[in-house]
Amino acid sequence: MVVNPEAQTGHDQRWMRQALALAGRAQREDDEIPVGALVVDADGRLVAEGWNRNIAERDPSAHAEIVAMRRAGAAIGNHRLLGCTLYVTLEPCAMCAMAMVHARVARVVFGAFDPKTGAAGSVFDLLADPRHNHQVEVVGGVLGEEAGALLTGYFRAKRGKPVDPG
């Protein structure tokens, strides 16, 4: 279930701004779809960052969330990310959502909704499915307009269309 964006905190916006900066790096440095993610532990400390690396790593699973969770697991020394919050600029897909369930992420906060493949409430609601042994709290739409504009601008530029400056 997608929780209303009013459930967000000031910390959510702060971390989402950092995730948006990572999304910008994906586009600038790697010409990847601009999606950024980071993992924050239960004490509010940054554990790991990531951005889309599918093309650069020739890896279909190298979504921003997966990259950030892999790095977080290495940093923590555990495949379980207990008590952690994952911030990501785009609603997770099914692959990423299920990785969050398996990692026991406590909470995911995302920016733009994905009406085509979103698995945190838009198309599927995998994170709150009661059939899983773990449910992830979801807050969607945090700085969603900014995240959506970044993605729209990227795809417009790829298609050779003018990017809306506003």
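Student: How far apart are the end C-alpha atoms of helix H3, and what span should its 13 residues have?

Tutor: They are 18 Å apart, which agrees with the 18 Å that residues 64-76 should span at 1.5 Å a residue. The expected span is 1.5 Å times one less than the number of residues. Helices (H or I, at least four residues) and strands (E, at least two) are DSSP runs, numbered from the N terminus.

Student: What kind of model is it, and what pLDDT do local features need?

Tutor: This is a predicted model: local features need pLDDT of at least 70, side-chain atom pairs count only at pLDDT 80 or more, and totals for chains, interfaces and linings use all residues. Residues are numbered from 1 along each chain as its sequence is written, and side-chain values use heavy atoms, with hydrogens and water left out.

Student: Back to H3. Which of its residues are buried?

Tutor: Ala64, Glu65, Ile66, Val67, Ala68, Met69, Ala72 and Gly73. Buried means under 20% relative accessible area, exposed over 50%, and partly exposed in between, with a 1.4 Å probe and protein chains only.

Student: What do they pack against?

Tutor: Strands S1 (36-40), S2 (46-51) and S3 (85-90), plus helix H4 (94-103). Contact here means heavy atoms within 4.5 Å.

Student: And what follows H3?

Tutor: Glycine 77, with a positive phi near 85°.

Student: New topic. How many disulfides are there?

Tutor: Zero, by the rule used, which takes a pair of cysteine sulfur atoms within 2.5 Å. Cysteine 93 is in no disulfide; its nearest cysteine sulfur, that of cysteine 96, is 3.7 Å away.

Student: Is cysteine 96 buried or exposed?

Tutor: Cysteine 96 is buried, because its relative accessible area is 0%. Cysteine 93 also counts as buried, at 17%.

Student: Where is arginine 107, and what polar contacts does its side chain make?

Tutor: Arginine 107 is in strand S4 (residues 107-112) and counts as buried because its relative accessibility is 14%. Its side chain has a polar contact of 2.7 Å with that of aspartate 12 and one of 3.4 Å with that of glutamate 137. A polar contact is a pair of N or O atoms within 3.5 Å; within protein, one must be able to donate a hydrogen and the other to accept it, and residues adjacent in sequence count only if both atoms are side-chain atoms.

Student: Last one: which residues does methionine 100 touch?

Tutor: Not counting residues up to four places away in sequence, methionine 100 touches Glu65, Met69, Leu86, Pro92, Val105, Val108, Leu127, His134 and Val136.
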